[in-house]
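Subject: Structure for your files

Hello,

Here is the structure I promised to pass on. My notes on it follow below.

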Amino acid sequence: MSLLAKWLRPGKDNKNATHDAESIEQQALLEQYPTLKIMQDLFADCADLIHWSWPESQLDMLYFSHLAGNEEFAREISEPFRSIAPDEMEEVLSRSQYKPALDCRSASKGILDGNVCLFHKGSAYLVSVSLPETRSISQSETETSINGPHDGFVESVLINLSLIRRRIRSTRLKALKLQVGEVSKTDVYLLYIDGLANAENVQEMKKRIELVEIDVVHDGNMLVQLIDDHPNSVFPLFQTTERTDAIASKLAGGKIVVVMDGSPSAFSAPSSFFEFFASSDDYYQRWAIGTMTRMLRFIAFVITISFTALYVSVTTFHYEMIPEDLLITITQSRSRVPFPPLYEALLMEITIELLREAGARLPTKIGQTIGIVGGIVIGQAAVQAGLTSNILIIAVASSAIASFVIPSYVMSASIRLIRFGLLLMAGLLGNFGIVMAIAIIFIHLSGLTSLKSSYLTPVAPINLKDWLDIFIRAPFSWIQERPSQTRTPNKRKTRIKQ
Amino acid sequence: MKEKLYPVHIAILVYMIQTGVVVFSLPRIMAEAFGYNGWLMVPVFTLIAALNIGLIAVVYRLSQGRSVFEILERSLTKIGAYPLYLVLIVVWSLLGCMVAKHYVYIFQTMAFPTMHPMLFKLLIDIVAFLLLIKGVYNISKATMSFFVLTAWMGLLLLFFVPDFEFARLTPFLLKGGTETIRGGLNGYTAFLGYELTLLLFPYVNTKKGFIKAVHAGNLLTGVLYTLYAFVAFGFYSLGQLTAFRFPMLDMLSYIRLPFVERIETLFFGFFFFTVLITIVMYIWASTEALNRMFPKAESKLLAAVLLIVIYGVSWLPDTLSKVEIWLKWLGYGQVIIAIGLPVFLILILLILRRKEQGHA
């Protein structure tokens with residue numbers, strides 16, 4: 001067998017061997033004591049690396065100017081070293097901010113993190129001058145808020161951490177620093193509140209992040225797919241958000257939060273399917289309005305997955321379900337359409353998806369044009385041309401609008417995808433097909449877990465107390481306990497056991 | 001962490017196993033067997049089922065939560081228990097399979113009459129297989145969500161309130177019934193399903209509350225069945241009830257909303273969820289028994305083989321009436337198992353206990 005495998009994949013072993021030899025050489029180099037020469041070799045062909053030299057003081061330094069802040073650079077480098085005598089150099093370098101670099105690995109990582117690496121008389125030191133350019137804190141575009149806080153996460157993990165720390169001023173808020181990506185070496189912080197988060201969950205999450213094997217991770221949404229319980233499922237299993245208030249509330253609920261550098265999306269775990277229908281805004285409204293909005297979203301879910309499917313099912317197989325008066329309208333509307341309802345619906349659904357995708361990819365102003373062109377051309381002209389019926393336009397439009405009511409963009413996209421499955425089943429087997437499709441969806445959902453807890457919590461396993469904060473937004477005085485899914489050691493919201 | 005079943009899961013599971021398509025013909029069966037006010041016998045059946053659950057409770061207490069298969073094998077030896085397993089496998093798997101086919105045939109009286117019933121049956125078996133391989137804990141989770149999806153249908157009874165007349169109930173009590181014993185037995189098969197809890201012992205979370213949960217599930221079934229039958233008896237006359245094959249289905253077709261009517265195909269569709277759980281749990285029970293016979297075999301493979309075999313068997317009855325005859329006989333068999341198996345287990349456990357005490 002192994003001979004056959006070698007014959008089928010010639011040269012693979014050789015390649016591996018070369019790669020291994022290279023990496024051993026590289027490893028050996030990284031273990032050495034850092035000197036200017038070795039460091040310059042390591043960063044060979046990096047045109048953006050700055051090398052400054054003061055021969056009179058025997059001082060050399062390597063750094064990336066674009067990772068350094070002007071003020072920081074002036075404070076740590078320009079001012080201390082500007083006017084000192086060569087014999088004072090060692091005294092300055094003995095200050096605590098100048099940390100000795102003991103091997104090339106830490107020196108190179110330090111430079112990549114925005115430190116200046118100083119070389120003096122055979123010794124190497126690192127000093128942080130890091131202030132990478134970031135965009136300013138602004139409102140999240142995917143999760144807009146009407147009357148809640150407007151600050152959203154940005155791409156810098158340190159700014160994101162500061163936003164979270166400003167909301168939760170507690171020594172119990174812990175942040176474990178981890179790293180993912182063989183090449184990108186991205187910083188990932190695992191946050192939890194000690195005493196509220198389940199210790200097993202924290203360990204499990206830490207283990208999963210440490211075991212990630214990938215070269216580069218670009219975004220929190222990407223990391224989620226690498227560590228969640230069922231990467232092949234269409235549903236998101238950890239909730240991602242760009243809203244700082246949402247993350248603070250998840251932490252306070254006993255969940256674990258992960259933020260990573262370079263991504264404005266933080267995610268919390270464990271999450272349940274129903275949680276994706278809640279928005280932070282619900283808590284900033286009076287409870288009755290919050291409850292109504294939340295219920296509206298569940299109705300929107302039903303509309304999204306069933307409206308077009310029901311249209312197809314009824315107009316293909318179950319005409320008897322339509323009352324007489326309405327039947328006349330529907331038959332008139334469908335009389336000019338030459339296609340079976342399934343084709344007609346698929347045509348419209350795909351068009352709507354095209355419009356949505358085009359609108360998302362284009363700049364806002366052109367996106368609006370696309371909306372108008374799509375609305376008029378697809379809506380009006382398709383009916384006049386006899387390609388589709390009025391009623392279907394209403395069904396497709398309502399289900400598309402309803403899909404956007406779901407606050408989580410990732411969940412909304414998943415639901416839009418499963419809608420096509422329902423549509424096909426309705427076209428093939430009518431109402432029975434719809435019911436079968438719903439059964440399959442729920443069978444799939446019942447098998448899903450989020451950080452080893454049931455994804456269908458609090459319906460299965462049932463927990464009626466959790467319903468107060470999942471299906472409705474009960475008055476705050478009613479919501480006494482943290483979500484059961486977190487398996488928190490401190491159930492009651494009002495106290496923390498010492 | 002091994003997940004276990006909580007009492008509420010068990011209660012809902014019992015209710016969902018018990019509730020099936022029989023509910024659509026239950027008022028007719030009661031009318032035929034017991035005549036006027038036959039619905040009064042539904043609570044009596046609930047009570048009989050509760051007594052039967054009492055037997056299961058004794059088994060549970062004596063066995064201290066051990067698996068019934070373990071108990072059987074300890075006294076009968078492995079080989080000795082095999083014939084019993086075989087009987088259980090045949091009855092349970094065929095029941096699951098015939099329940100599915102029954103559902104298909106009833107559905108085809110309303111829609112898709114020209115489509116081959118075995119195609120529908122195949123689809124149901126595939127869905128059942130998908131659920132079956134997820135294990136009993138996930139089955140119970142799916143059951144819970146299906147329960148939530150179907151529980152609201154009880155509210156449909158409100159539609160019949162304006163047309164409900166007490167006069168139709170008449171002052172006669174249980175008069176005018178024919179074939180009381182056989183009809184009654186048929187009616188009792190609507191309550192079957194609770195006996196599968198015998199196999200749930202090893203999967204239960206807490207020792208307390210298990211039997212209470214089974215009773216609660218049975219009670220929920222009993223209350224809902226009584227309500228359905230009561231409303232049907234006040235909605236239709238006795239003559240109508242005995243004339244309709246599926247009176248509840250006809251009642252569903254009576255519901256009209258401003259924008260939709262004749263919704264029985266959709267609502268009957270929703271009953272698929274409860275039927276699916278009945279099917280899956282019977283097949284699951286058979287697979288459990290089969291697993292004892294072939295402990296080294298992969299349970300997913302056993303489930304697949306079993307489903308293929310019974311799919312083949314389900315070609316045999318080719319009309320609704322024939323399926324009903326199969327169901328009737330399998331139902332009788334199941335009644336015997338429901339009562340006989342716990343009694344047999346109690347005897348074995350008592351003998352084992354005496355032996356152990358003798359040794360001590």
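A polar contact, as used here, is a pair of N or O atoms within 3.5 Å; within protein, one of the two must be able to donate a hydrogen and the other to accept it. One such pair sits at the start of helix H4 of chain B, where a side-chain oxygen of B:Ser67 comes to within 3.1 Å of the backbone nitrogen of B:Phe69. Please keep in mind throughout that this is a predicted model.

Staying with H4(B), the helix covers residues 68–76, and its buried residues include B:Val68, B:Phe69, B:Ile71, B:Leu72 and B:Glu73. Just after the helix, B:Thr77 has a positive phi of about 65 degrees.

On confidence, chain B has an average pLDDT of 88, with 98% of its residues scoring at least 70. Among the elements of that chain, the highest mean, 94, belongs to helix H6 (residues 117–132), and the lowest, 83, to helix H8 (residues 180–188).

Chain A is split into three parts: domain 1 spans 27–128, domain 2 spans 157–271 and domain 3 spans 287–453. In chain A, strands E1 (residues 49–54) and E2 (residues 59–64) run antiparallel and are joined by six bridges.

Domains 2 and 3 of chain A have their C-alpha centres 34 Å apart. They touch through 18 residues of domain 2 and 15 residues of domain 3. About 1,400 Å² is buried between them, and carbon and sulfur atoms give 68% of that area. On the domain 2 side, A:Val234, A:Phe235 and A:Pro236 supply 39% of what this domain buries against domain 3, more than any other three residues.

A:Met321, A:Phe432 and A:Ile443 lead on the chain A side, with 22% of the area that chain A buries against chain B, more than any other three residues.

Regards

Technical notes:
Residues numbered from 1 in each chain as written. Chains lettered and ligands numbered in written order. Predicted model: local features only at pLDDT ≥ 70, side-chain atom pairs only at ≥ 80, totals over all residues. Heavy atoms only, no water. Pairing = 2+ DSSP bridges. Helix = DSSP H or I, 4+ residues; strand = E, 2+ residues; numbered from the N terminus. pLDDT = per-residue confidence, 0-100. Buried < 20%, exposed > 50% of the residue type's maximum accessible area, 1.4 Å probe, protein only. Domains from an automatic or database assignment. Contact = heavy atoms within 4.5 Å. Buried area = accessible area lost by both parts, 1.4 Å probe.
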